[in-house]
Amino acid sequence: MSGDHQTLALVLFSTFIAITLGITTWVGRTRKGSAEEFYTGGRLFSPMENGFAIAGDYMSAASFLGISGLIALFGYDGMLYSVGFLVAWLVVLLLVAELVRNCGRFTLADVVAARMAERPVRTAVGASSVTVSVLYLVAQMVGAGSLVALLLGGTSGATRSWTVVGVGALMVVYVSLGGMRATTWIQIVKAVLLMAGTIALTVAVLVRFHGDVNALLDSAAEHSGHGQEFLAPGLKYGGSWTARFDFISLGVALVLGTAGLPHILSRFYTVPTARAARRSVVWSIGLIGSFYLMTIVLGFGAAALVGSAAVRSSSEAGNTAVPLLALALGGGEGSAGGTILFAVVAAIAFATILAVVAGITLASSASVAHDLYASLRRPGGKPFGEVVVARVAAVGIGVVAIGLGLLAQDLNVAFLVGLAFAVAASANLPALLYSLFWKNFTTRGAVWSVYGGLVPALVLVLLSPVVSGGPNSLFPGLDFQLFPLENPGLVSIPLGFLAGWIGTVTSAESPDLDKHAETEVRSLTGAGAV
């Protein structure tokens, strides 16, 4: 990329970082040091503010860079991600949003442990939440590395590696100093920027084809190298029965995974009431729905105006399709319009990554402090100790995410998020739904459902083509692949539900029906909710 691109985009990057660090510093000075303030921002956000923040949390680098890239490379089959991410919100709205807000206080484990023995349940759910969060963080790190490497004129390993380290350091600063209130305002700013940028690009693509969607699709097919097959199912997932089962597995994981994502569920605690939580989801569905419809236009636009081969040569996984599309829409490389549009889009994508990693790091550090540390520490500790532990945990989680991000630099970011969704749907969702809706559910059932989904999901990923046995694997020189599917959801999600049922029916513990009745009333009415 030319020096103009680099200078302008770096100025915009620096401006966003300066603004967000300013927000973080200001909030860090004005907020109290309580756990409630750190984890929930004092529950003072309005439904609209929280709706924008939820959308900011959810519309990640995987959505903006990864999905559009997959559509640019694989056409119709790439659209599964857009549809899956969007439909998942209906599960959240109908099944968990209001109930989670009423039953919990800070984390997912609060809901599951409400009528169980706290220590084993909190340990299990806390460990699962941290695992999901780290997987999700890795996807954002990889997106940041691809973006900045493209911007600085190459795909050198050193550039991408230092970008990953820099993003990790920034997210630790945001969370440690600002807590939930700063993170929420960063999410809101980012959501507005991302929607504005996406709308501008979508309008520009449609104007380029005079509003004729058929012309856009025909041009995309022509420049994809696949002809009309590009617009039909099967280019990525239709070659064999294994690919078709992978398609089903991914779809199930995407639709069910959102309701088990810790950083999404924790957002429902930042509003004062359950009604406000439900209205937040309605706001976010409007923003997210329109956004995912636009990613489809951007993906096909990149195929039509940039070409699938050019996208693949820039990033094998397609992660740079949108910035390249912006460059083409602005007039191509060397043009003033191309330089400006490319730099703006790159800066928005970078803002997206920083905002999302802050939200995920906060949720995972809350799980470490509120669930793992609080359930294992000795009674009578200082009340502010939990917030200190959360800040230290943010540093530890940042280091782990940086390490894994450096390892997974060549994988598609939307694909990596698909793995995080599969683990969330396998480990967190069964325990959450059983605890809310099954009155006979017991402590053993809760622990078994978490580990019975978490362990198979992780083992199946390790034994899948993602890790070894193929040219695009993490370790292409090794081959210990035993599981044929890339996404484990089709197997691990039923195992999580099955393990919870077996653990409950074989448990000697009698279910506490009184506590279930109390939890049910609280979840449905909000009586006694924090």
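This is a predicted model: local features need pLDDT of at least 70, side-chain atom pairs count only at pLDDT 80 or more; totals for chains, interfaces and linings use all residues.
Numbering runs from 1 along each chain as its sequence is written, and side-chain values use heavy atoms, with hydrogens and water left out.

**Overall fold**
- You're looking at 20 helices and zero strands, taken as DSSP runs (helices H or I, at least four residues; strands E, at least two) numbered from the N terminus.
- The C-alpha trace spans about 70 × 55 × 45 Å along its principal axes.

**Burial and surface**
- Of the 530 residues, 59% count as buried, meaning under 20% relative accessible area with a 1.4 Å probe, protein chains only.
- The chain exposes about 18,800 Å², with carbon and sulfur atoms supplying 67% of that (Shrake-Rupley method, 1.4 Å probe; for residues, only the protein chains shown count as cover).

**Helix α12**
- Helix α12 covers residues 274–305, 32 residues in total, and reaches 46 Å from first C-alpha to last, close to the 46 Å expected at 1.5 Å a residue (1.5 Å times one less than the number of residues).
- After α12 comes G307, with a positive phi near 95 degrees.

**Q187**
- Q187 sits in helix α8 (residues 157–208).
- Q187 counts as buried because its relative accessibility is 0%.
- Beyond its neighbours within four places in sequence, Q187 touches F52, A53, G56, D57, R267, A355, V356 and G359.

How values were computed. Buried means under 20% relative accessible area, exposed over 50%, partly exposed in between (1.4 Å probe, protein chains only). Contact means heavy atoms within 4.5 Å.
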